[in-house]
Amino acid sequence: MKSLDKEEQKSKKNGKETKQSPVFTGNFESDLKKVKDLLGENSDILFRKFRLNNTKLKAALFYLDGLSDKELIDKFLLSSLMKPFSETDKEQIKQDGLKDFLKNNVLSIGEIKESDEPEKAVIEILNGSAALIIESVPEVLVLGIKKPKTRDLQEPISEPLVRGPRIGFTENIKDNTAILRNQGQNEDLFFLKKSVGERAKKQTVIAYINGIANQDLVDEIVRRIDKIKIDFLPESGYIEQLIEDNFLSPFPQIQSTERPDRVMGALMEGRVAILLDGTPYVLIAPVTLSMLLQSPEDYYERWIPATLVRLLRFLAAFITLYGPSLYISFISFHPGLIPTKLAISIAGSREGVPFPTLLEAMLMEIAIEILREAGLRLPKPIGPAIGIVGGLIIGEAAVSAGIVSRIMVIVVALTAISSFAMPQYSLGTSLRILRFISMLAASIYGLYGVVLFTLLFLSHLVRLYSFGVPYISPWTPLRMKDLKDFIVRGPMFLMKSRPVLLQTKEPRRKG
Amino acid sequence: MLMNNRNKITTVQATIFTSSYILASGILTLPRTVVAVVKTPDAWLSVLIGGCIAIVLGVIMVKLSQCYPGKTIYQYVNILIGNWAGKTYGILLVIYFVVLSAYEVRTLSDVTSYMILEGTPAWAISMPFIWIGYYLLQGWITSLARLFEIVFPISVAVFLLVILMSTKSFEMDNLRPFLGEGIQPVLKGLTKTVFAYIGFESMLFLVAYMEKPEKAVKSTIFGIGIPILFYVITMVAVIAALSIDGVVHRTWPTLDLIRSYEMKGLLFERFESFLLVIWSMQIFSTFCITYFVAFLGISQMFNIKTQKVLLGLLPFLFLISMTPRTIDEVFSLGDILGKSAIILFGFIPLPLLILAKWKGRVR
């Protein structure tokens, strides 16, 4: 600890020293030294000394290997900077001064900034810009020639649709904001830039639609993001965990998505999106439980099939939560409540199974969770194969070995498939966790345990907020207007108002 | 942060709040207690009239509360009748609510251990129940209202379904003759049926927390109207299926009605489990409301930090719920509660209202 403290003090001292050191002076050698001292001995920073346009003035160009556009530097920058000045040029220089002449007539680059502080110039260099130091000019010209490393736009892997745009976000924030801009001309789409991270700064963008989103909501999100104190943000999941309302809840309180259309839809409802450089996952807040059960496709399909699919999803969520626990409570506590024939056939299939129902269910559930996890982590080509083969073989073998009953396998498999039907992976995970709690409750109290679990589960949900919006709305507090888009996806002519609880500046949609 | 009125409830929520409060243990035993007094098939009429009286009483309370906007009875009764008398009334209310709350827990553990969990000790049934209530109440009145808003519609749907399926075993003769012995027995039944609507007093507290307190009358009428509908349907169904002689001799006539039929060809053949599920959720609602109101009283009258009161009440609830030894003692506790409710909420609010109006006029 002590040594750490010392180091900190040292670095603070260093910081002070560099701050004390004056701004660029125009003295070439000392300016060069300042920048070099700040940059240290980094192998990926290149610098090129040359004589400016065949005059006696010395100049140097700093840039980052790999991140700056080398082709641009070679073909355009250096060539134009080394070409001799003509007579008319010289006269012009006398009129304008060297710096302005270079900016106006020589450097054919869109993004040019001036910087008189070495520290700022160095940050720009590290971001991928090139810095041009010229003798007798007391400022450094920062040239925006960053060529970001990115991949092509691809279909989002984690949220595929049958119908809908095939485009997904990428790791590059500039691409992502561009994709959002590209969704339609909208001068009200605001991007608020922030850089977060104490040691390694990273760019985040808070996107919202001015004139729709509630200003208090935007302010609150900005406030929470400003409060983030962390060395480095690898992924937007960090932001999610640092700004969510309740860290003890099993439910995701912020939605993360790879789909631009989903983000755009949320923005148009008056929500706010948070983009982070370096990840294709964009955060949407505030979120409600029903949003996590919806898919953009619900709106692309006609309303009748879309509604049916939604009902199916609610059923799937119910099965995920209650499937095994209802089975346990009916089999081991209340066999009298199910039809006699069914009870007999279940009892018959359980004959020879040495374990109580809970243990039987737990065995299978844990086995299938392990299979799922293994399928995820394996290399892509063999993942699904292992999952299917493992599931089939283990299930079949477990039944024939008499460890579990056939009906148990059906229940477990149905539950697992239901949890896959959740359009948001994170929701499926939380329901899976809760399922184990409900199984335990059912094995202690039977049906009464299921009731207790439900009450606990609902008590938690009604107490949960996401940025001031009740998590379980629009179910409750009941707003009739919002029910058109809850279990039922109403026909388009009904979709004329935004969710009431978001308190948007303009509650009605145009048109 | 969007402030979606964290401490206020909507009109719909207030309505459901009142209905949830009223509908609880009564629905399983009501047919027996009423028929035992009325002794004619017109018992359902008595339930209907009792409900109308309850509405009148409820509206009186609303009017009283509207005289003091933003204040609950604990706060305004002091202003109205002086510090000492007000405190006394407030403390009586708190005691009543604590005991009622414990009574609900006890009913739940009795019925559950009798019906579905034979041999499970009562403490094991009631403890998790109380703890969950404690957890919910930390979210204040809005959480309560929201939970009811979810649970109540489900309860209504399941209840209607289960009762409607029992029409198979109806004997219309059991309902006749209509008013064969005149109106006298029906009126005699009122002494029991008004008890069944205990819960209409919720308006003494709710108005203070409503987004639109001016709509409180409406939500009282609907809030009591829904239970009236429930009770009348239950009475008619139970009497039609079991006949008045059959009703008197059963401890839980409504449950027996549901048990009396089977539906072939469905996933479930018997439905009493459904009834028990929604019924225990309704008990939970009533339990939470009384628990909440009791703790509200203590914290508002004595200015104590709310969290401490909430936790401090827990052992009392548990111990009181364990006090009655037999089921008969539980029922007689229920009787005492009913009588004190009539005194506390039947007779006192009207003079208070007149006093409040008179004071208002003087001012």
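Buried denotes a relative accessible area under 20%, exposed one over 50%, and partly exposed a value in between (1.4 Å probe, protein chains only). The structure is a predicted model, in which local features need pLDDT of at least 70, side-chain atom pairs count only at pLDDT 80 or more, and totals for chains, interfaces and linings use all residues. Residues are numbered from 1 along each chain as its sequence is written, chains are lettered from A and ligands numbered from 1 in the order in which they are written, and side-chain values use heavy atoms, with hydrogens and water left out.

**Figure 1. Cysteines B:C288 and B:C52.** B:C288 counts as buried because its relative accessibility is 0%. For B:C52 the value is 42%, so this cysteine counts as partly exposed. A search over all chains of the structure finds zero disulfides, a disulfide being a pair of cysteine sulfur atoms within 2.5 Å.

Figure 2. B:A36 belongs to helix α2 of chain B, which covers residues 26–38. Helices (H or I, at least four residues) and strands (E, at least two) are DSSP runs, numbered from the N terminus. B:A36 has a relative accessibility of 34% and therefore counts as partly exposed.

**Figure 3. The helical fold of chain B.** Chain B has 15 helices and zero strands. Its radius of gyration is 20 Å, close to the 21 Å that the globule rule gives for 363 residues, so chain B is as compact as a globular protein of that length. The radius is taken over C-alpha atoms, and the rule is 2.2 Å times the number of residues to the power 0.38. Of the 363 residues, 60% count as buried. Among contacts (heavy atoms within 4.5 Å) with a separation of 6 or more in chain B, 84% join residues 24 or more positions apart. The mean positions of the 28 positive and 19 negative charges of chain B are 15 Å apart; Lys and Arg count as positive and Asp and Glu as negative, without His and the chain ends, and each charge is placed at NZ of Lys, CZ of Arg, CG of Asp or CD of Glu.

**Figure 4. The cis peptide bond at A:P286.** The bond from A:A285 to A:P286 is cis, with omega near -10°. A:P286 is placed in the loop between β10 (282–285) and α11 (289–292) of chain A. Most peptide bonds are trans, and most residues other than glycine have a negative phi.

Figure 5. A:F467 is not a glycine, yet has a positive phi of about 50°. This residue lies in the loop between β11 (465–466) and β12 (469–470) of chain A, and counts as buried because its relative accessibility is 0%. A:Q503, also not a glycine, has a positive phi of about 50°. A:Q503 is found in the segment after β12, and its 32% relative accessibility is why it counts as partly exposed.

**Figure 6. The setting of these sites in chain A.** Chain A has 19 helices and 12 strands. Its radius of gyration of 31 Å is well over the 24 Å that the globule rule gives for 511 residues, so chain A is more spread out than a compact globule. The C-alpha atoms fill a box of roughly 105 × 55 × 45 Å along the principal axes.
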